[in-house]
Amino acid sequence: MSTGNGADSAPGPKSTPTTPATPAGPAAPAVPAAPGAGRTPVGTTRKNTMFSSLRIRNYRLFATGQVVSNTGTWMQRIAQDWLVLSLTGSASAVGITIALQFLPMLLFGLYGGVLADRLPKRPLLIATNSALGLTGVALGALTVTGHVQVWHVYLAAFLAGLVTVVDNPARQTFVSEMVGKRQLANAVSLNSANFQTARLVGPAVAGVLITAVGSGWAFLLNGLSFAAPIAGLLLMRTRELHVVEPRPRAKGQLREGLRYVAGRPELVWPIVLVGFIGTFGFNFPIWLSAFTDDVFHGEAGTYGLFNSLIATGSLAGALLAARRGLARLRLLVVAAAMFGALLTVTAFAPGFWLFAALLVPIGMFGLTVNVTANSSVQMATDPEMRGRVMALFMMVFTGGMPLGAPLVGWVTDTYGARVGMAAGGLVSLAAAVGVGLVLARVGDLRLRVDLRPGRTHVAFVPRREQLATAA
């Protein structure tokens with residue numbers, strides 16, 4: 001995939017990791033294949049389409065397994081929260097469970113990236129999926145037999161979080177080994193579409209199971225669902241993988257990863273932007289529950305509708321990103337600004353249906369931010385560093401949620417749902433504008449305004465081009 005530099009698009013990997021890439025300029029030269037790269041799978045030379053990654057057999061196996069296990073994971077999330085609430089009658093206990101799931105990523109996320117770079121990805125993913133499946137089966141067996149206690153749920157959540165510390169960067173970086181650089185952005189987008197599809201289906205199935213037979217069967221089915229990705233990994237043709245040789249164990253690999261990111265503005269600033277939005281902008285459970293109860297005086301069905309609309313917009317955003325193919329930093333900044341602006345406007349929507357309708361584009365732009373940042377960071381990272389970089393990306397994105405949620409919740413409780421949501425939107429908008437200005441400065445870009453018909457009216461252009469036009 002051809003990639004330009006800077007604020008317009010993510011640059012390709014450079015041979016000297018510590019030299020910052022210039023964020024503006026001509027297209028980057030072709031990058032040699034990574035050492036140990038396998039054969040190029042059939043279909044990668046064709047024109048990119050919305051589902052072009054699915055032409056690759058290995059990725060089809062991976063995606064099929066993921067949609068099954070993601071559906072099971074969403075089932076377990078709903079059943080887990082309901083079970084804790086049933087055992088304790090405390091919403092705080094539910095919050096503790098969620099915090100225990102995210103805490104390992106916040107504490108050990110960077111070490112997970114080091115392991116993902118040291119170990120072969122495919123065997124590592126077989127091991128992590130097996131561990132997650134056993135956790136679900138064990139919790140299901142305790143629940144079905146009536147022996148479950150709340151500390152069992154806490155322990156299962158924490159163990160699943162520990163496994164995710166390694167599974168997340170390994171799974172993120174294994175995508176490039178399956179599809180190669182040309183299809184990477186498309187495959188990352190389809191992964192997000194896969195996840196959002198499961199987000200629509202999993203909670204509905206969990207609700208039926210909990211009502212009919214209890215939470216235990218949702219846990220059991222989730223544990224069994226991991227057989228699908230394990231089977232997909234075992235059936236892959238290893239000769240068709242773009243294998244990146246694991247890094248040998250050495251001292252200072254964690255610091256090496258941090259120095260690598262710190263020296264590259266095209267990595268630092270997308271991660272900073274995603275950190276702000278993940279911490280302050282993705283607090284939908286807080287806002288939507290507050291709007292349901294305090295503003296529109298609805299019930300559980302209303303809350304479910306709001307979440308479904310967010311998921312529908314997210315799915316649409318993922319599919320559009322898959323069709324777009326190229327991940328541009330300019331798109332990341334614009335999508336983040338639109339996300340923040342829409343959150344702010346929606347917070348003051350006067351009517352129920354206008355509020356509900358605006359949730360769809362909010363989901364779409366929020367998912368566009370996530371997918372574009374993910375794929376641009378991966379494409380700008382050298383293969384041997386990708387595990388550590390993506391671990392930092394996920395640690396900042398998901399690890400910020402437990403930190404920002406209490407603050408956002410306090411603002412929402414104290415000043416109301418509208419002020420709480422607007423505050424999250426304004427922080428997201430300010431972060432997008434700030435990161436956009438920094439990238440423009442790094443790339444020596446200037447704002448050009450051209451009101452003539454048929455021209456791009458507002459755009460960032462290199463200073464030299466602007467001076468030449470003026471002359």
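Start by selecting arginine 388 and aspartate 117: both are buried, a label for relative accessible area under 20%, where over 50% is exposed and anything in between is partly exposed (1.4 Å probe, protein chains only). What you have open is a predicted model, in which local features need pLDDT of at least 70, side-chain atom pairs count only at pLDDT 80 or more, and totals for chains, interfaces and linings use all residues. Residues are numbered from 1 along each chain as its sequence is written, and side-chain values use heavy atoms, with hydrogens and water left out.

**Stop 1: the salt bridges**

Keep arginine 388 and aspartate 117 on screen. They form a salt bridge, with the closest N and O atoms 2.7 Å apart; the term stands for a side-chain nitrogen of Lys or Arg within 4 Å of a carboxyl oxygen of Asp or Glu. Arginine 388 sits in helix α14 (residues 386-399) and aspartate 117 in helix α2 (residues 91-118), so this pair ties together parts that are 271 residues apart in sequence. Helices here are DSSP runs (H or I, at least four residues), numbered from the N terminus.

Next, select glutamate 177 and lysine 121, another salt bridge, whose closest N and O atoms are 3.8 Å apart. Because glutamate 177 lies in helix α4 (residues 150-179) and lysine 121 in helix α3 (residues 121-144), the pair ties together parts that are 56 residues apart in sequence. Glutamate 177 counts as buried at 5% relative accessibility, and lysine 121 is buried too, with a relative accessible area of 7%.

Then move to glutamate 240 and arginine 237, which form a salt bridge with the closest N and O atoms 3.4 Å apart. Glutamate 240 counts as buried at 16% relative accessibility, while arginine 237, at 33%, counts as partly exposed.

**Stop 2: tyrosine 154**

Go back to helix α4 and pick tyrosine 154. Which residues does tyrosine 154 contact, leaving aside its neighbours within four places in sequence? They are Ala93, Ile96, Thr97 and Leu100, with contact meaning heavy atoms within 4.5 Å.

**Stop 3: two helix pairs**

Two packed helices are described by the angle between their axes and the distance between the axes. The axes are lines fitted to C-alpha atoms, for helices over the stretch in contact, and angles run from 0 to 180 degrees between N-to-C directions.

Select helix α1 (residues 57-88) and helix α5 (residues 184-212), which pack at an angle of about 40° with their axes 7 Å apart. The two are therefore oblique to each other; angles under 35 degrees count as roughly parallel, over 145 as roughly antiparallel, 65 to 115 as roughly perpendicular and the rest as oblique.

Finally, show helix α10 (residues 284-295) with helix α15 (residues 401-415): their packing angle is about 20° and their axes are 9 Å apart. That makes α10 roughly parallel to α15. To see the contact, display Ile286, Trp287 and Ala290 of α10 together with Ala405, Val408, Gly409 and Thr412 of α15.
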